[in-house]
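This report describes the fold and surface of one protein chain. Please keep the sequence and the model in view while reading.

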Amino acid sequence: DSSDPGSDFMADVLKSIGMQYVAINPAAGFRSLQESIINYSGNKNPEILTCLHEETAGGMAHGFAKASGKPMGVMVHGTVGLQHASMAVYNAWVDRVPMIVFAGNGLRADTRRPGVEWNHCVQDPAGMVRDFIKWDDQPVSLQQFAESTVRAYKYTMTAPMEPVLVCLDMDLQEEAVHNAEKLRTPK
């Protein structure tokens, strides 16, 4: 077993799909993944682009896709962040551009911190945007995160290109990796 957080593995998965940038309005839903991208991966592939609003983050990813033909990551905090980003996600859907949205969420009520985490966590964050995204998933293990993220990349890059959404559990990011030798990122 390892003392490395699950978010280090998640950062490796993002690198494996060639993700260059992640636009984010930093929030508690990604406190561990933010740290892993910066400290474990050296803030490179992906590089965090700090935004002051989630709709701006989505707009940046839309523009990047139009210019490069590749998806950019957008990280939004659970309910409120996804609501703010929803117009940008909708615009990307209408314009048929690839985008991978990651929504932070706390699935386990017994580990949520009091206050904000309770208010911002829901059972089905993707329900807010499901009518204008191509696909979504809410992984409950690191292996499923790897498989979901690779699938999200394939789906968003297959015509018609449209945004996809992967919900990320806060505990999954923060808990130590167990059986690291068994974790695999699909090709």
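Val-94 counts as partly exposed because its relative accessibility is 48%, where buried means under 20% relative accessible area, exposed over 50% and partly exposed in between, with a 1.4 Å probe and protein chains only. This residue is placed in helix H4, and together with Met-87 and Tyr-90 it makes a nonpolar surface patch of about 260 Å². Accessible areas come from the Shrake-Rupley method with a 1.4 Å probe, and for residues only the protein chains shown count as cover.

## Basis of the model

This is a predicted model, in which local features need pLDDT of at least 70 and side-chain atom pairs count only at pLDDT 80 or more, while totals for chains, interfaces and linings use all residues. Residues are numbered from 1 along each chain as its sequence is written, and side-chain values use heavy atoms, with hydrogens and water left out.

## The parallel sheet

The protein chain holds 7 helices and 6 strands, taken as DSSP runs numbered from the N terminus (helices H or I, at least four residues; strands E, at least two). The 6 strands form an open sheet with parallel pairing, in the order S2-S1-S3-S4-S6-S5, and two strands pair if DSSP finds at least two bridges between them. Strand S2 (47–50) and strand S5 (135–137) stand at the edges with a single partner strand each, so one side of each is left without a neighbour in the sheet.

Strand S4 (residues 99–105) pairs with strand S6 (residues 163–169) in the parallel sense over 7 bridges, and Ala-103 has Cys-167 in S6 as its bridge partner.

## Helices against the sheet

Helix H2 (residues 31–40) packs on the sheet and touches strand S1 (21–24), S2, strand S3 (73–77) and S6, contact meaning heavy atoms within 4.5 Å. In H2, the buried residues include Arg-31, Leu-33 and Ile-37, and just after this helix Gly-42 takes a positive phi of about 70°.

## The chain as a whole

Of the 187 residues of the protein chain, 49% count as buried. The chain exposes about 8500 Å², of which carbon and sulfur atoms supply 52%.

Conventions: Axes are lines fitted to C-alpha atoms, for helices over the stretch in contact, and angles run from 0 to 180 degrees between N-to-C directions. Patches are made of residues with over 30% relative accessible area and no salt bridge: like charges are joined within 9 Å, nonpolar side chains (Val, Leu, Ile, Met, Phe, Trp, Tyr) within 5 Å. A salt bridge is a side-chain nitrogen of Lys or Arg within 4 Å of a carboxyl oxygen of Asp or Glu.
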